[in-house]
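Welcome! Please take a look at the sequence and the 3D view, and then read on for a short tour.

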Amino acid sequence: MTEELNIRKLYTVMDEVLTEGERILETPIKRAVAIAVIKNPFAGRYQEDLSILSNYGEPLGELLSANALKGLGISDGSEVESYGKAVIVGLKGEIEHGHAIIHPKIGAPFRSAIGGADKARAVIPSTGKIGAPGTSIDVPVHYKDSEWVVTHADTITVMVPDAPFEDEILVALAVTTGGRPHARVPGLQKEAVL
């Protein structure tokens with residue numbers, strides 16, 4: 001059984017943090033999340049083999065990585081410091097449907113787009129949930145080369161007003177150009193990882 005990837009909507013959000021705690025940032029931090037809303041071929045029915053969904057990961061990884069970089073206003077991933085991924089499955093799907101997309105194959109093109117983040121030291125943080133149109137999700141992000149760099153542990157909250165429909169899946173990839181504004185919690189710093 002083959003099912004073509006059916007994308008209903010692409011959505012990209014970007015914010016730029018200029019001031020935090022009433023202090024201007026020396027270097028503003030840009031954060032972008034690229035989203036695809038896709039048809040879930042298994043909505044409303046149980047399917048043992050989820051390889052169709054897993055195979056969506058690679059093309060979605062390429063497309064959403066490129067869109068996220070465009071959202072930051074950059075052409076390559078050299079400025080990206082943090083990344084993460086998330087999924088919301090519509091009400092007729094299973095949470096496993098979303099995880100089948102964001103775990104096996106989406107990582108390689110995502111890492112490649114942001115400059116080959118070190119897979120051995122930094123898994124791509126992720127989260128997933130079931131939700132109706134307008135459900136928000138916190139996309140977790142951390143430093144691309146080590147999940148232990150505390151200055152970069154954060155989340156970006158996103159939602160799409162009309163997604164996901166009950167037979168859809170919302171897939172999101174997030175990138176940032178820095179850690180938390182004015183980060184000063186003690187712990188491993190990115191310079192220790194380089």
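Strand β5, residues 137-143, is mostly covered, with 6 of its 7 residues buried (buried means under 20% relative accessible area with a 1.4 Å probe, protein chains only). Strands here are DSSP runs of E with at least two residues, and helices are runs of H or I with at least four, numbered from the N terminus. This is a predicted model, in which local features need pLDDT of at least 70 and side-chain atom pairs pLDDT 80 or more, while totals for chains, interfaces and linings use all residues. Residues are numbered from 1 along each chain as its sequence is written, and side-chain values use heavy atoms, without hydrogens and water.

| Partner strand | Sense | Bridges |
|---|---|---|
| β3 (residues 82-89) | antiparallel | 2 bridges |
| β6 (residues 154-158) | antiparallel | 5 bridges |

Toward β6, Asp 138 stands opposite Thr 157.

Now for another strand: Glu 168 belongs to β7, residues 168-176. Is Glu 168 buried or exposed? Glu 168 is buried, as its relative accessible area is 5%. Its side chain makes a polar contact of 2.5 Å with the side chain of Arg 8 (a pair of N or O atoms within 3.5 Å; within protein, one must be able to donate a hydrogen and the other to accept it, and residues adjacent in sequence count only if both atoms are side-chain atoms).

Conventions:
Buried means under 20% relative accessible area, exposed over 50%, partly exposed in between (1.4 Å probe, protein chains only). Two strands pair if DSSP finds at least two bridges between them.
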